[in-house]
Amino acid sequence: MTVWGIAFVAAWLAIGLPTDPAYAFLWIWAGTVAWNSARPWRSHLRFARDWIPVVLLLAAYNLSRGFADNGATPHAMELIVADRFLTGWVTGGEVPTIWLQQHLYDPDQVRWWDVLVSWIYFSHFVATLAAAAVLWMRNRGRWIAYMSRWGFLCAAGLVTYFAYPAAPPWWAAQNGLLTEVARISTRGWKEIGMHGAGNLLNAGQIASNPVAAMPSLHTAFALFVVLFFLRSVRKRWWPLMLAYPLAMTFTLMYSGEHYLIDVLVGWAYVGMTFLVVGLAERWWRARRSRRDGTPTAVTGVTAPAAGPDATPGADRDAVPAERR
């Protein structure tokens with residue numbers, strides 16, 4: 001793991017942070033190999049077998065977002081009106097992005113919160129996959145439950161991008177619908193001497209689709225990861241965990257990437273995801289139970305612990321949520 005960590009930092013400084021799905025997958029895979037370096041290679045190949053379809057789907061998702069607008073003018077004004085309605089009584093009639101940048105943004109000086117914002121923004125690209133990698137190594141049943149929900153959330157967001165292409169605050173400002181908005185989600189890297197740290201992230205932003213703002217999957221992913229693991233930790237840690245999606249919400253609005261309404265819709269999509277996929281899983285278990293004539297356990301929630309020789313990806317270390 002030390003070798004992996006040194007290599008990761010070196011590549012981070014030379015190339016950039018792993019925001020591309022395939023690039024992130026390679027680092028995560030290498031991390032699982034380093035963590036379980038004593039295991040035979042066939043156990044490491046199982047990771048690729050399970051994950052390559054996920055990476056291909058994620059790459060297709062990222063590529064397809066670029067065609068969401070089909071050349072049409074994206075929605076923007078109604079998002080501005082919605083944010084002014086929601087927060088105008090606090091911000092003096094401004095959207096949250098403009099109000100936050102008026103009070104916190106200094107174009108001539110990078111503050112400590114600008115650095116923190118860059119870290120939080122970057123976490124979107126790795127937190128979901130890193131959590132999935134840990135699940136895969138500990139309990140493949142929960143990993144399947146996790147990935148099925150995550151896949152549904154991505155698909156729901158993608159359908160919405162095609163049905164309702166919407167632009168973020170920085171785009172609205174560039175097109176005269178708002179006063180000046182700076183896109184500052186990656187400016188914090190330069191302050192700590194990491195000029196190359198955001199290379200891939202900056203390149204991705206330049207080539208990104210400006211109509212993929214509704215819903216905000218950045219904040220949706222943050223809330224999704226927290227809610228999936230919430231019952232697995234003691235309640236005294238809940239406020240700290242819930243601080244992550246709130247910090248992501250602040251980051252997205254302050255940096256000009258999303259409106260508050262984008263965030264709220266993203267949270268609603270997370271709730272819909274857990275409801276729909278949960279109902280589908282219960283329906284499938286009931287159907288299988290009727291077919292086999294035997295009761296079935298709740299997939300992805302509890303599972304019998306395997307023996308000490310279980311390979312990565314097997315269902316092991318599973319403990320009822322209420323006992324963790």
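Visitor: Let us start with V226. Is it buried or exposed, and why?

Guide: V226 counts as buried because its relative accessibility is 5%, and the cut-off for buried is under 20%. Please note that this is a predicted model.

Visitor: Where is V226 found?

Guide: V226 lies in helix α12.

Visitor: And what does V226 touch?

Guide: Setting aside residues up to four places away in sequence, V226 touches M241, L242, Y244 and P245. For Y244, the C-alpha atom is separated from that of V226 by 7.9 Å, although the two residues are 18 residues apart along the chain.

Visitor: What about α12 itself, how many residues has it and how far does it reach?

Guide: Helix α12 covers residues 217-230, which is 14 residues. From its first C-alpha to its last it reaches 19 Å, close to the 20 Å expected at 1.5 Å a residue.

Visitor: Why is α12 described as largely enclosed?

Guide: Of the 14 residues of α12, 13 are buried, so the helix is largely enclosed by the rest of the structure.

Visitor: What comes just before it in the chain? I noticed P215. Where is that?

Guide: P215 sits in the loop between α11 (199-206) and α12.

Visitor: Is the peptide bond from M214 to P215 cis or trans?

Guide: That bond, from M214 to P215, is cis, with omega near 0 degrees. As a general point, most peptide bonds are trans.

Visitor: New topic. Which residues have the most contacts inside the largest nonpolar core?

Guide: They are W51, W143, Y146, W150, L153 and F229, in a core of 39 residues. The elements giving two or more residues to this core are α2 (21-35), α3 (41-65), α7 (127-138), α8 (140-163), α12 and α14 (260-292). In general, nonpolar side chains tend to be buried together in soluble globular proteins.

Visitor: What is F229 in contact with?

Guide: Leaving out neighbours within four places in sequence, F229 is in contact with A131, L135, Y146 and M241.

Visitor: And what does the second core include?

Guide: The second core is separate and has 16 residues, including I98, A166, W170 and W171.

Visitor: Back to α7 and α8. At what angle do they pack?

Guide: Helices α7 and α8 pack at about 150 degrees, with their axes 6 Å apart. They are therefore roughly antiparallel to each other, since angles over 145 degrees count that way.

Visitor: Which residues make the contact?

Guide: On the α7 side they are T128, L129, A131, A132, L135, W136 and R138. On the α8 side they are R140, R142, W143, Y146, M147 and W150. Together these residues divide into nine nonpolar, one polar and three charged.

Visitor: How do α5 and α13 pack, and at what angle?

Guide: Helix α5 (residues 96-104) and helix α13 (residues 238-254) pack at about 85 degrees, with their axes 8 Å apart. These two helices are therefore roughly perpendicular to each other.

Visitor: Which residues meet there?

Guide: P96, T97, L100, Q101 and L104 in α5 meet F250, M253 and Y254 in α13. The residues of this contact divide into six nonpolar, two polar and no charged.

Visitor: Last one, the whole protein. How many helices and strands are there?

Guide: The protein has 14 helices and zero strands. Buried residues make up 48% of its 324 residues. Among contacts with a separation of 6 or more, 78% are between residues 24 or more positions apart.

Notes. Residues are numbered from 1 along each chain as its sequence is written. This is a predicted model: local features need pLDDT of at least 70, side-chain atom pairs count only at pLDDT 80 or more; totals for chains, interfaces and linings use all residues. Side-chain values use heavy atoms; hydrogens and water are left out. Axes are lines fitted to C-alpha atoms, for helices over the stretch in contact, and angles run from 0 to 180 degrees between N-to-C directions. Helices (H or I, at least four residues) and strands (E, at least two) are DSSP runs, numbered from the N terminus. Angles under 35 degrees count as roughly parallel, over 145 as roughly antiparallel, 65 to 115 as roughly perpendicular and the rest as oblique. Contact means heavy atoms within 4.5 Å. Ala, Val, Leu, Ile, Met, Phe, Trp, Tyr, Cys and Pro count as nonpolar, Asp, Glu, Lys and Arg as charged, and the others, Gly among them, as polar. The expected span of a helix is 1.5 Å times one less than its number of residues. Buried means under 20% relative accessible area, exposed over 50%, partly exposed in between (1.4 Å probe, protein chains only). A nonpolar core is a set of buried Ala, Val, Leu, Ile, Met, Phe, Trp, Tyr and Cys residues joined through side-chain atoms within 4.5 Å.
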